[in-house]
Amino acid sequence: MIESAPLRLTKGLGPSLDDAGTADLHGTSLFAADRDFPQLTLDESAIAHNIAQMMTYVRSRGVALAPHGKTAMSPALAWRQMDAGAWGITAATPTQLRVYRAAGLPRLLLANQLVEPGAIAWLRAELAADAEFVCPVYADSFDGLALLAGPADQRPLDVLLEVGHPGGRTGVRGADALRALAEQAARTPGIRVVGIATYEGTLAGDTETAKADNVRDFARELAALTLALNDEGLLPEDGIVSLGGSAYFDAAVDGLIDGGFPAARILLRSGAYLTHDDGLYARTTPLTRASAGSPELRSAIRVWAPVLSIPEPGLVIALCGRRDVGFDQDLPVVLGVRGRDGSAPRAFAGRIEQLADQHAFIRFDADAPGETAAPRVGDLLELGISHPCTTLDRWGLVPLVDDDLRIRELIRLHFT
């Protein structure tokens with residue numbers, strides 16, 4: 001639940017709300033006269049749709065899902081995913097773990113190495129205090145295992161041995177290195193190996209199809225290696241394999257199953273499906289490759305930006321910049337324009353060519369007729385974004401809106 005504290009100095013929302021509680025906004029229009037823009041919004045029906053689609057997909061494949069919580073850093077949205085059937089929530093840092101644990105999440109996964117003494121001590125204390133709490137972490141080196149070592153008479157830390165690939169991120173390179181790591185883990189007190197983890201999103205490929213094929217091949221080889229280590233007694237027979245970014249998770253699952261690994265022991269970590277986007281993931285998710293049973297995702301994330309100036313023919317300047325939207329994959333796209341009261345949505349064939357800190361430079365055909373003509377100063381541009389992670393982390397309190405763009409809830413994002 002979001003606390004009913006004052007919204008003083010919150011980005012967006014509006015100055016007249018400084019002394020309001022969050023409940024005062026529920027049911028009100030996003031476009032009320034006292035609102036501030038730019039404003040990021042999340043579409044409630046699209047998020048519910050995406051959660052349902054992803055759960056339908058993983059159930060059809062017989063695998064489990066621990067969606068990556070770094071996408072939105074929202075306990076409220078994490079609980080929606082858990083209530084729909086997710087196994088748990090994935091985090092990338094100890095701070096993210098603490099946020100989700102403070103919200104009462106019973107099963108977490110740290111998809112990263114845990115090396116800080118204070119964070120290790122915190123996790124051991126959480127495990128000791130709650131016998132039902134589960135939280136595997138990664139290790140990919142002897143030094144990492146040594147840092148995780150602890151008293152043999154305490155509840156052990158669950159560890160996933162991480163496998164990487166040349167040019168990728170963390171993770172041991174090759175079968176021999178993994179075997180040596182597994183042997184060392186067996187000698188390390190205070191830990192328990194529960195399986196293997198990897199991240200396939202950094203594998204290369206000249207085309208989307210080629211990249212998916214490379215992911216499939218990598219996962220197939222990982223399945224064979226994991227099963228071989230099972231047979232050698234270096235991995236538990238019921239151990240899991242965790243993988244799955246937000247673009248090629250279908251190919252990763254295909255490869256593991258093709259390699260003979262049981263679907264019931266696969267744990268996906270895909271997270272950006274929650275909001276999807278109008279850029280990176282719209283281009284790369286399984287549906288674009290006609291992958292069987294692919295979830296049909298909708299973009300649930302928008303940024304609304306007011307038109308400040310039309311200083312010359314063919315140029316619009318809007319109040320929305322690098323401090324409001326991500327630009328690491330693509331610049332935002334213009335989806336349409338509305339009057340300031342939210343009425344009369346219309347097409348606008350503008351193209352964002354540049355972002356400054358607080359401004360977007362939008363080029364358009366000044367001679368275009370009718371519906372594609374220039375907006376007016378004070379109108380609101382509806383922007384779609386690419387790669388939701390790097391837009392969401394620029395906001396703290398975000399309206400969840402219904403199909404009529406009325407505020408249903410305010411979602412706290414815990415990035416700062």
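Modeller: A cavity is a set of points on a 1 Å grid over the protein atoms alone where a 1.4 Å probe fits but cannot get out, while a pocket is an open set with protein on both sides within 12 Å along at least five of seven lines; lining residues have an atom within 4 Å of a point. Grid points are joined across faces, edges and corners, and a volume is the space filled by probe spheres set on the points. Keep in mind that this is a predicted model, where local features need pLDDT of at least 70 and side-chain atom pairs count only at pLDDT 80 or more, but totals for chains, interfaces and linings use all residues. Residues are numbered from 1 along each chain as its sequence is written, and side-chain values use heavy atoms, with hydrogens and water left out.

Biologist: Which residues line the second largest cavity, and how many of them are charged?

Modeller: That cavity holds about 30 Å³ of space. Around it sit Glu162, Val163, Gly164, His165, Arg169, Thr170, Thr198, Tyr199 and Thr202.

Biologist: Which helix gives the most to the lining of the largest cavity?

Modeller: The largest cavity has a volume of about 50 Å³. Its lining has 13 residues, with His68, Gly69, Gln81, Tyr100 and Leu274 nearest the centre. Helices here are DSSP runs (H or I, at least four residues; strands are E, at least two), numbered from the N terminus. With three residues, the top contributor is helix α2 (residues 75-83).

Biologist: What about the largest pocket: which element has the largest share of its lining?

Modeller: About 620 Å³ of space lies in this pocket. Of its 29 lining residues, Lys70, Arg169, Tyr199, Gly245 and Tyr281 are closest to the centre. The largest share, three residues, belongs to α9.

Biologist: Is His49 buried or exposed?

Modeller: You'll find His49 in helix α1 (residues 44-61). Leaving out residues up to four places away in sequence, His49 touches Glu296 and Arg298, where contact means heavy atoms within 4.5 Å. Buried means under 20% relative accessible area, exposed over 50%, and partly exposed in between (1.4 Å probe, protein chains only). His49 has 18% relative accessibility, so the label is buried.

Biologist: Which residues have the most contacts inside the largest nonpolar core?

Modeller: A nonpolar core is a set of buried Ala, Val, Leu, Ile, Met, Phe, Trp, Tyr and Cys residues joined through side-chain atoms within 4.5 Å. The largest one has 69 residues, and helix α7 (residues 208-231) gives the largest share, eight residues. A second, separate core of 34 residues includes Val307, Val334, Phe348 and Leu383. In the largest core, the residues with the most contacts are Leu148 and Leu161.
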